[in-house]
Amino acid sequence: MSTAPLRLTRAQARRLAVRAQLLDGERPTDLLAVTGHLTYLPMDPTAAVAPSVDLVPWSRMGRAHWVGAAADALADRMLFQLQGTARSTDDLPLYLAEMAHRAEHDWRGGWVRDNATFRDDVLELLGEQGPLTSREVPDTSVRPWQSSGWTGHRNVSQMLELLCLYGDVAVAGRRGREKLWDLAERVYPDVEPVPYAESLAERAARRLHALGLSRARIPGVPGDADYVTMTGVEVEVEGAEGVWQADPQALDGLGAPFEPRTAILSPFDGLVTDRERLLQVFDFEYLLEMYKPAAKRRWGYFALPVLHGEAFVGKVDAKVDRRAGVLHVHAIHEDVPFAPEVTDAVTQELDLLARWLGLAEATV
């Protein structure tokens, strides 16, 4: 006999998600543990305030994290880079089988096969002279990469990124702002891959554990499949449509005391990337507007979502001015009028952010 799904209140659902993303009052202190738990750190290069690869762990760890710590961990091979994300090297076995599978089944493989000589040239050059930047790799393609976006005719960069996804090459470090590429066998440790189907199931379970609460099918993050199917405990959420999937471990801790705090998040933070969940569970509308013309922006170029306890309360339009040594806060957009204690908490968090960045103050 089937039973009705467990029904969560809006507050319970939000607390599941916030606690799972390590954004409650119990701050973690270890970057590698945070990365492993979240499953990835975003590496978008935009740094109007700080690179997201640092801003995401700062939102969890506070002063225990420092700007550049993720770069240090990448340089020391404790993290590895995969298509715009940093991931724990301990998790590499969960990705190797998919890399091999992708090399056989990826729709972009036709372009690689048509440029087989180009591919061989790249691998031979890296084997002899790597690590190298993409600028140091000649373009010997016979069919250019066609794209309506930013990658059109960027043949060398596209080949390197695809060979990274296929497990042939890897990011070995950086020279200034440019990636250094080398053969994967010289970058990755010699580890045994987890079998393909098992690795996908394990990664999906860990993704759900990091989210706490999810829709049944969600977009994958860079380096993963386009979509990921979540399988946990079916639940209903007050005011939200459909049946949701909850992490079993998160449900077990549902009755534990919840310690709230205020957090200022990256636009690429894992708590905000699923805009549908954000609307249905948190009643929070958010869109990264950096690609919009300035006149059409409502919240700013790189507006930072503001979490207060279990609720999103607004967005902060801010930008670092290194020359002046300040964090300029152009606007604080209040979704609902802030109570005095919320204003104080947001102001304090902005001051902490400025000091973490090595700036004198935050100017509002």
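This report describes the overall build of one predicted protein model and then looks at some of its strands, turns and loops.

## Basis of the description

The model is predicted, and local features are described where pLDDT is at least 70, while side-chain atom pairs count only at pLDDT 80 or more, and totals for chains, interfaces and linings use all residues. Residues are numbered from 1 along each chain as its sequence is written, and side-chain values use heavy atoms, with hydrogens and water left out.

## Overall build

The protein contains 13 helices and 16 strands, where helices (H or I, at least four residues) and strands (E, at least two residues) are DSSP runs that are numbered from the N terminus. Its radius of gyration is 22 Å, close to the 21 Å that the globule rule gives for 364 residues, so the protein is as compact as a globular protein of that length. Here the radius is taken over C-alpha atoms, and the globule rule is 2.2 Å times the number of residues to the power 0.38. Taken along the principal axes, the box that the C-alpha atoms fill is roughly 65 × 65 × 40 Å.

Of the 364 residues, 50% count as buried; buried means under 20% relative accessible area, exposed means over 50%, and partly exposed lies in between, with a 1.4 Å probe and protein chains only. The protein exposes about 17400 Å², of which carbon and sulfur atoms supply 52%, and these accessible areas come from the Shrake-Rupley method with a 1.4 Å probe, where for residues only the protein chains shown count as cover. A contact means heavy atoms within 4.5 Å, and among contacts between residues at least 6 apart in sequence, 62% join residues at least 24 apart.

## Strand E14 and its two neighbours

Strand E14 covers residues 311-321 and is mostly covered, since eight of its 11 residues are buried. Two strands are said to pair if DSSP finds at least two bridges between them. Strand E13 (residues 304-308) is joined to E14 by five bridges, and the two run antiparallel; within this pairing, Leu307 has Phe312 of E14 as its bridge partner. The hairpin of E13 and E14 has two residues between the strands, and Gly309 in this hairpin takes a positive phi near 70 degrees.

E14 also pairs with strand E15 (residues 326-334), again in the antiparallel sense, over eight bridges, and here Asp317 stands opposite Ala331 in E15. The hairpin that E14 and E15 form has four residues between the strands, and Gly325 in the turn has a positive phi of about 75 degrees.

## A three-stranded open sheet

Three strands form an open sheet in the order E2-E4-E3, with antiparallel pairing. Its edge strands are E2 (41-42) and E3 (79-82), each of which pairs on one side only. E2 and strand E4 (residues 85-88) pair over two bridges, and the bridge partner of Leu41 in E4 is Ala86.

Most residues other than glycine have a negative phi, and most peptide bonds are trans. Gln83, although not a glycine, has a positive phi of about 40 degrees; Gln83 lies in the loop between E3 and E4 and is partly exposed, with a relative accessible area of 30%. Asp283, also not a glycine, has a positive phi of about 55 degrees. This aspartate is found in the loop between H12 and E13, and Asp283 is exposed, with a relative accessible area of 52%.

The peptide bond from Gly130 to Pro131 is cis, with omega near 5 degrees, and Pro131 is found in the loop between helix H7 (116-129) and helix H8 (155-165).

## Two further loop positions

Ala295 lies in the loop between helix H12 (275-282) and E13, and at 80% relative accessibility Ala295 counts as exposed. The C-alpha atoms of Ala295 and Thr35, which are 260 residues apart along the chain, are separated by 37 Å.

Gly167 is found in the loop between H8 and strand E5 (169-175), and Gly167 is partly exposed, with a relative accessible area of 27%. Gly167 and Met99 are 68 residues apart in sequence, and their C-alpha atoms are 5.3 Å apart in space. Not counting residues up to four places away in sequence, Gly167 touches Met99 and Ala184.
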